[in-house]
Amino acid sequence: MSAPSGGSAVESNSLAGTATLIQGGALILTSVMAINTTGADAYVQLFDAAAAADVTLGTTVPRWAVMSDFGAGLVAVSDGLPTNGLSFRNGIVAASTTTPTNNTGASQHVRFVIF
């Protein structure tokens with residue numbers, strides 16, 4: 001698979017401890033950027049799901065999680081994503097939390113680049 005040559009930015013302002021549908025359907029996520037508005041490090045949990053109701057935060061294990069460092073401002077947090085992006089079959093449901101797997105919200109403004 002070759003690297004994608006374009007993409008759409010999808011915004012989710014004030015993403016926190018509620019599962020939120022970012023985009024439905026099959027897609028490739030190539031980048032995540034976060035503006036961490038908390039007083040500590042925060043995580044963006046990513047789930048391969050068609051609807052927010054398919055995810056129970058703190059119970060459903062995320063497909064992927066990325067960390068944003070507090071105090072860094074606008075941060076590309078997708079260093080841990082595969083080089084050519086991460087495929088989702090059903091869509092992306094996301095939440096922002098204080099650990100990679102819990103349900104305690106940590107508000108961030110998040111941008112996703114999706115193909």
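Trainee: Buried means under 20% relative accessible area, exposed over 50%, and partly exposed in between (1.4 Å probe, protein chains only). Where does that put A95?

Mentor: A95 counts as buried, because its relative accessibility is 0%. The model is predicted: local features need pLDDT of at least 70 and side-chain atom pairs count only at pLDDT 80 or more, while totals for chains, interfaces and linings use all residues. Residues are numbered from 1 along each chain as its sequence is written, and side-chain values use heavy atoms, with hydrogens and water left out.

Trainee: Which element holds A95?

Mentor: A95 belongs to strand β8. Strands here are DSSP runs of E, at least two residues long, and helices are runs of H or I, at least four, numbered from the N terminus.

Trainee: And what does A95 touch?

Mentor: Leaving out residues up to four places away in sequence, A95 touches L15, A16, T18, A19, Y43, V44, Q45 and L57. Contact means heavy atoms within 4.5 Å.

Trainee: Back up a bit. How many helices and strands are there?

Mentor: There are 0 helices and 9 strands. Along the sequence the pattern reads β-β-β-β-β-β-β-β-β.

Trainee: Which strands make the sheet around β8, and in what order?

Mentor: An open sheet of 4 strands runs in the order β2-β8-β4-β5, with antiparallel pairing. Its edge strands are β2, residues 20-24, and β5, residues 64-68, each of which pairs on one side only. Two strands pair if DSSP finds at least two bridges between them.

Trainee: How many bridges on the β2 side of β8?

Mentor: 4 bridges join β2 to β8, which covers residues 91-97. L21 stands opposite V93 there.

Trainee: And towards β4?

Mentor: Strand β4, residues 42-48, is joined to β8 by 6 bridges, and the two run antiparallel. Q45 stands opposite A95, and the bridge partner of D48 in β8 is I92.

Trainee: What about β4 with β5?

Mentor: β4 and β5 have 5 bridges between them, again in the antiparallel sense. A42 in that pairing stands opposite S68.

Trainee: Why is β8 called largely enclosed?

Mentor: Because 7 of the 7 residues of β8 are buried, the strand is largely enclosed by the rest of the structure. G91, V93, A95 and T97 point one way, while I92, A94 and S96 point the other way, and all are buried.

Trainee: Changing topic: where is A51?

Mentor: A51 lies in the loop between β4 and β5. A51 counts as partly exposed because its relative accessibility is 29%. A51 and A19 are 32 residues apart in sequence, yet their C-alpha atoms are 8.8 Å apart in space.

Trainee: Last one, on side chains. What does the charged end of R63 sit over?

Mentor: The charged end of R63 sits over the ring of F88, 5.3 Å from the ring centre. The rule is NZ of Lys or CZ of Arg within 6 Å of the ring centre and within 35 degrees of the ring normal.
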